[in-house]
Amino acid sequence: NDYGYSKWMEKSIDFYGDKDDVLILISVSGRSPNILNAAKLARKKKFNKIITFSGHSSNNPLRKLGDINIWVNSKIYNQVENTHQFILLMIIDLFIFNNEKK
């Protein structure tokens with residue numbers, strides 16, 4: 001609260017993030033100051049990977065800051081958010097399935 005909404009994720013990364021961490025960031029437009037500030041600090045702290053989920057413009061600022069970028073070619077918020085949710089759930093299922101095999 002003392003730093004403002006656009007800094008809350010950045011401050012969390014500053015306090016809890018470490019070199020070689022992986023950060024997943026989600027912004028439909030790829031232009032959220034809060035998310036962009038987090039990505040910039042993670043890059044400075046030498047995070048291992050920054051994975052971004054975005055939509056709208058293919059050259060949005062968040063995609064430029066990511067190592068792995070999932071982009072949805074739509075300007076409709078609901079379509080972008082639902083596609084992100086589907087992909088994230090698939091990734092979780094892969095982790096669960098692979099762990100059950102062991």
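This is a predicted model: local features need pLDDT of at least 70, side-chain atom pairs count only at pLDDT 80 or more; totals for chains, interfaces and linings use all residues.
Me: Which residues of helix α2 are buried, and what makes a residue count as buried?
Reply: In α2, the residues Asn34, Ile35, Leu36, Asn37, Ala38, Ala39, Leu41 and Ala42 are buried, where buried means a relative accessible area under 20%, exposed means over 50%, and partly exposed is what lies in between, with a 1.4 Å probe and protein chains only. Residues are numbered from 1 along each chain as its sequence is written, and side-chain values use heavy atoms, with hydrogens and water left out.

Me: What do the buried residues of α2 pack against?
Reply: They pack against α1 (8-16), β1 (22-27), β2 (49-54) and α3 (61-65), and contact here means heavy atoms within 4.5 Å.

Me: Why are α1 and α2 called roughly parallel?
Reply: Two packed helices are described by the angle between their axes and the distance between the axes. For α1 and α2 the angle is about 25° and the axes are 7 Å apart; axes are lines fitted to C-alpha atoms, for helices over the stretch in contact, and angles run from 0 to 180 degrees between N-to-C directions. Angles under 35 degrees count as roughly parallel, over 145 as roughly antiparallel, 65 to 115 as roughly perpendicular and the rest as oblique, and α1 and α2 are therefore roughly parallel to each other. On the α1 side the contact is made by Trp8, Met9, Glu10, Ile13 and Asp14, and on the α2 side by Asn34, Ile35, Asn37, Ala38, Leu41 and Ala42. By class, this contact has 7 nonpolar, 2 polar and 2 charged residues, where Ala, Val, Leu, Ile, Met, Phe, Trp, Tyr, Cys and Pro count as nonpolar, Asp, Glu, Lys and Arg as charged, and the others, Gly among them, as polar.

Me: What makes Lys46 count as exposed?
Reply: Lys46 has a relative accessible area of 54%, and for that reason it is exposed, the cut-off being over 50%. Lys46 lies in the loop between α2 and β2, where its phi is near 65°, a positive value in a residue other than glycine.

Me: Why is Ser27 called buried?
Reply: Ser27, whose place is in strand β1, has 8% relative accessibility and so counts as buried. Its side chain reaches the backbone nitrogen of Gly30 at 3.0 Å, to be set against the rule that a polar contact is a pair of N or O atoms within 3.5 Å, of which, within protein, one must be able to donate a hydrogen and the other to accept it, while residues adjacent in sequence count only if both atoms are side-chain atoms. Not counting residues up to four places away in sequence, Ser27 touches Ser32, Ile35, Phe53, Ser54, Gly55 and Leu62.

Me: How do you know whether Asn60 is buried or exposed?
Reply: The relative accessible area of Asn60 is 0%, so Asn60 is buried, and its place is in the loop between β2 and α3. A polar atom of the Asn60 side chain lies 2.9 Å from the backbone oxygen of Ser57, and one lies 3.0 Å from the backbone nitrogen of Arg63. Among the residues that Asn60 touches, leaving aside those up to four places away in sequence, are Ser29, Gly30 and Trp71.

Me: What makes His56 count as buried?
Reply: His56, in the loop between β2 and α3, has 16% relative accessibility and therefore counts as buried. His56 and Ile76 are 20 residues apart in sequence, while their C-alpha atoms are 7.7 Å apart in space.

Me: How many helices and strands does the chain have, and what pattern do they follow?
Reply: There are 4 helices and 3 strands, and along the sequence they follow the pattern α-β-α-β-α-β-α. Of the 102 residues of the chain, 34% count as buried.

Conventions: Helices (H or I, at least four residues) and strands (E, at least two) are DSSP runs, numbered from the N terminus.
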